[in-house]
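Keep the viewer open as you read.

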Amino acid sequence: MQWIALLLMTAIALTAAVYAQMRLRRLAASRNQAWIARAVLALVGIGLGWTALIKTGQEGSPAMQVIIFLAAFGLGHIPA
């Protein structure tokens with residue numbers, strides 16, 4: 001059950017990440033601003049993913065660690 005919930009959360013979060021990246025082109029005034037926003041969102045996502053791995057512990061399987069990282073990466077894009 002834990003796997004299903006985590007996979008569902010990861011799918012929703014990654015969908016939000018893709019949506020946020022697609023909308024940046026329309027919301028930014030220039031291409032440079034869009035690329036800067038993309039870079040900031042990517043760095044925030046990587047930071048959240050890394051923090052989630054550290055906080056949840058790294059004793060899980062490698063597949064679980066990847067799913068946790070991707071879920072946290074996507075969650076960083078939801079406010080955008």
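Arg-38 sits in helix α2; helices here are DSSP runs of H or I with at least four residues, strands are runs of E with at least two, and both are numbered from the N terminus. Before going further, note that this is a predicted model, where local features need pLDDT of at least 70, side-chain atom pairs count only at pLDDT 80 or more, and totals for chains, interfaces and linings use all residues. Residues are numbered from 1 along each chain as its sequence is written, and side-chain values use heavy atoms, with hydrogens and water left out.

So is Arg-38 buried or exposed? It counts as buried because its relative accessibility is 17%, and the cut-off for buried is under 20% relative accessible area (exposed is over 50%, partly exposed is in between, with a 1.4 Å probe and protein chains only). Setting aside residues up to four places away in sequence, Arg-38 touches Gln-21, Leu-24 and Arg-25, where contact means heavy atoms within 4.5 Å. Arg-38 also lies over the face of Trp-35, 5.1 Å from the ring centre. For that label, NZ of Lys or CZ of Arg has to be within 6 Å of the ring centre and within 35 degrees of the ring normal.

Now follow the rest of α2. Its end C-alpha atoms are 37 Å apart, which agrees with the 38 Å that its 26 residues should span at 1.5 Å a residue; the expected span is 1.5 Å times one less than the number of residues. Along with Arg-38, the buried residues of α2 are Ala-34, Leu-41, Gly-45, Gly-49, Ala-52 and Leu-53, and they pack against α1 and α3. Just after α2 comes Gly-57, with a positive phi of about 90°.

Over in α1, there are 26 residues, and the helix reaches 37 Å from its first C-alpha to its last, close to the expected 38 Å. Its buried residues are Leu-6, Thr-10, Ala-13, Ala-16, Ala-17, Ala-20 and Leu-24, and their cover includes α2 and α3. Take Thr-10, which belongs to α1 (residues 2-27). Thr-10 is buried, with a relative accessible area of 7%. Beyond residues up to four places away in sequence, Thr-10 touches Ile-67, Leu-70 and Ala-71.

Which residues make up the largest nonpolar core? There are seven: Leu-6, Ala-52, Leu-53, Met-64, Ile-67, Ile-68 and Ala-72. Such a core is a set of buried Ala, Val, Leu, Ile, Met, Phe, Trp, Tyr and Cys residues joined through side-chain atoms within 4.5 Å. In soluble globular proteins, nonpolar side chains tend to be buried together.

Finally, zoom out. The chain has three helices and zero strands, in the order α-α-α, and its C-alpha trace spans about 45 × 20 × 15 Å along its principal axes. Buried residues are 30% of the 80 in the chain. Among contacts with a separation of 6 or more, 66% join residues 24 or more positions apart.
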